[in-house]
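Reader: I have a structure here that I would like to get to know. Could you walk me through it?

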Amino acid sequence: MSKKKLAFSGVQPTGNLHLGNYLGALKNFVSLQKEMECIYCVVDLHAITVFQKPEELRNNVLETVASFLATGLDSEKSIIFNQSAVSGHAELAWILNCVSRMGWLNRMTQFKDKAGADKEKASVGLYIYPNLMAADILLYKATHVPVGADQKQHLELSRDIAQKFNNDFNCKNFFPLPEALIPKNVSRIMSLRDGTKKMSKSEESDYSRINLKDTADEINKKIKKAKSDSEQIPDNLKSLEKKPEALNLLNIYSEISRNSLDKVLIEMSGKEYSYLKTKLAEVLVETIAPVGKEIKKLLGDRSHLEQILKKGKQKANIIAEENLKNIREKVGLI
Ligand code: AMP
Ligand code: TRP
């Protein structure tokens with residue numbers, strides 16, 4: 001049976017979208033618009049698994065929408081909305097909490113990372129976060145999920161949950177098993193200060209990341225200060241194995257300049273890292289600085305952004321309600 005292709009992805013409104021989000025996820029969101037129907041969700045219910053100041057959360061939701069639009073999402077083509085506006089996410093999450101197993105959640109590495117040493121103090125929401133993520137995807141019967149590599153394990157769990165639901169309720173193929181779309185070379189953009197850690201919103205030093213809102217000046221400064229290597233750039237990948245910061249810079253340059261890593265190594269080998277940094281800063285300023293300007297411009301008209309969310313909510317709700325009707329019936333809820 002051929003199923004209609006549908007992409008779904010979510011981004012948490014926790015501020016400071018960065019180059020990792022752009023290359024790992026947003027850039028793919030944009031190109032998928034040409035291939036299939038797409039639903040992009042600002043996952044505010046996921047964000048509150050860790051305490052958020054209400055006023056900041058409201059601002060961050062709008063800023064995430066602005067970032068979606070500034071990087072090229074088209075609200076006429078894609079459904080753009082915030083998760084809490086469609087109550088079906090929370091309802092299906094509850095049903096899936098009863099399908100998912102403790103043993104499965106206990107294996108989730110993101111919970112271990114985020115909960116830290118004192119798991120007893122983590123919110124219950126943080127623990128069952130992956131079940132809500134499965135609900136997001138399955139509520140729309142999405143077939144494709146563009147994400148960065150850090151979400152791979154959560155996607156596998158979503159497939160397990162979908163499979164178990166289909167088995168438990170004797171409805172083979174009811175939920176399609178969603179396929180992760182993870183970019184090959186840039187699935188994990190690393191911190192500019194420590195090439196063993198991923199670039200993240202929560203890293204304390206702003207010098208560890210390029211934010212989508214950074215100005216040309218900030219981008220130049222951050223790339224100049226980025227950790228690299230004192231030797232010359234080699235002509236092969238093998239020599240970069242123990243130099244994660246250098247590899248990360250070359251990887252970013254390759255992706256942004258749209259040249260393969262092999263080609264970049266031919267261009268750069270034998271040169272100092274300062275040369276790479278000058279070139280990298282140039283292409284980053286060209287690509288990211290206009291995005292930052294656009295985000296700031298869009299944030300000047302909050303009612304326009306709210307309007308987009310409202311329209312998206314209406315469209316999402318129609319699909320969600322239709323699917324939920326069938327889900328309730330399968331489970332035996334009257
Ligand atoms: P988040 O901001 O955690 O909601 O992440 C939004 C999307 O960006 C997800 O698909 C992540 O997998 C992706 N992402 C986050 N950080 C990185 C990174 N450093 N490299 C590549 N992708 C990332
Ligand atoms: N957990 C994802 C992240 O932190 C965000 C997310 C929530 C998501 N629901 C989703 C991603 C559904 C893809 C599909 O990045």
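Author: Happy to! Let us begin with a term: two residues are in contact when they have heavy atoms within 4.5 Å. Please keep in mind that this is a predicted model.

Reader: Among contacts between residues at least 6 apart in sequence, what share joins residues at least 24 apart?

Author: The count takes in contacts in the protein between residues at least 6 apart in sequence. Those that join residues at least 24 apart make up 76%.

Reader: How many helices and strands are there in the protein, and what is its radius of gyration?

Author: The protein has 13 helices and five strands. For 334 residues the globule rule gives 20 Å, and the protein comes close to that, so it is as compact as a globular protein of that length. Its radius of gyration is 21 Å.

Reader: What percentage of the residues count as buried?

Author: A residue is called buried when its relative accessible area is under 20%. Of the 334 residues of the protein, the share that counts as buried is 49%.

Reader: Which strand pairs with strand 1, and which residue is the bridge partner of G10?

Author: Strand 1 covers residues 6-11 and is mostly covered, with five of its six residues buried. Over six bridges it pairs in the parallel sense with strand 2, residues 37-42. In strand 2, the bridge partner of G10 is C41.

Reader: Is Q12 buried or exposed?

Author: Q12 sits in the loop between strand 1 and helix 1. Residues that Q12 touches, leaving aside those up to four places away in sequence, include V43, H46, T64, K114 and K201. Its relative accessible area is 17%, and the cut-off for buried is under 20%. Q12 is therefore buried.

Reader: What separates the C-alpha atoms of Q12 and L45?

Author: Along the chain, Q12 and L45 are 33 residues apart.

Reader: How far apart in space are K224 and E156?

Author: In sequence, K224 and E156 are 68 residues apart. From C-alpha to C-alpha, the distance between K224 and E156 is 38 Å.

Notes
Residues numbered from 1 in each chain as written. Chains lettered and ligands numbered in written order. Predicted model: local features only at pLDDT ≥ 70, side-chain atom pairs only at ≥ 80, totals over all residues. Heavy atoms only, no water. Helix = DSSP H or I, 4+ residues; strand = E, 2+ residues; numbered from the N terminus. Rg over C-alpha atoms; globule rule 2.2 N^0.38 Å. Buried < 20%, exposed > 50% of the residue type's maximum accessible area, 1.4 Å probe, protein only. Pairing = 2+ DSSP bridges.
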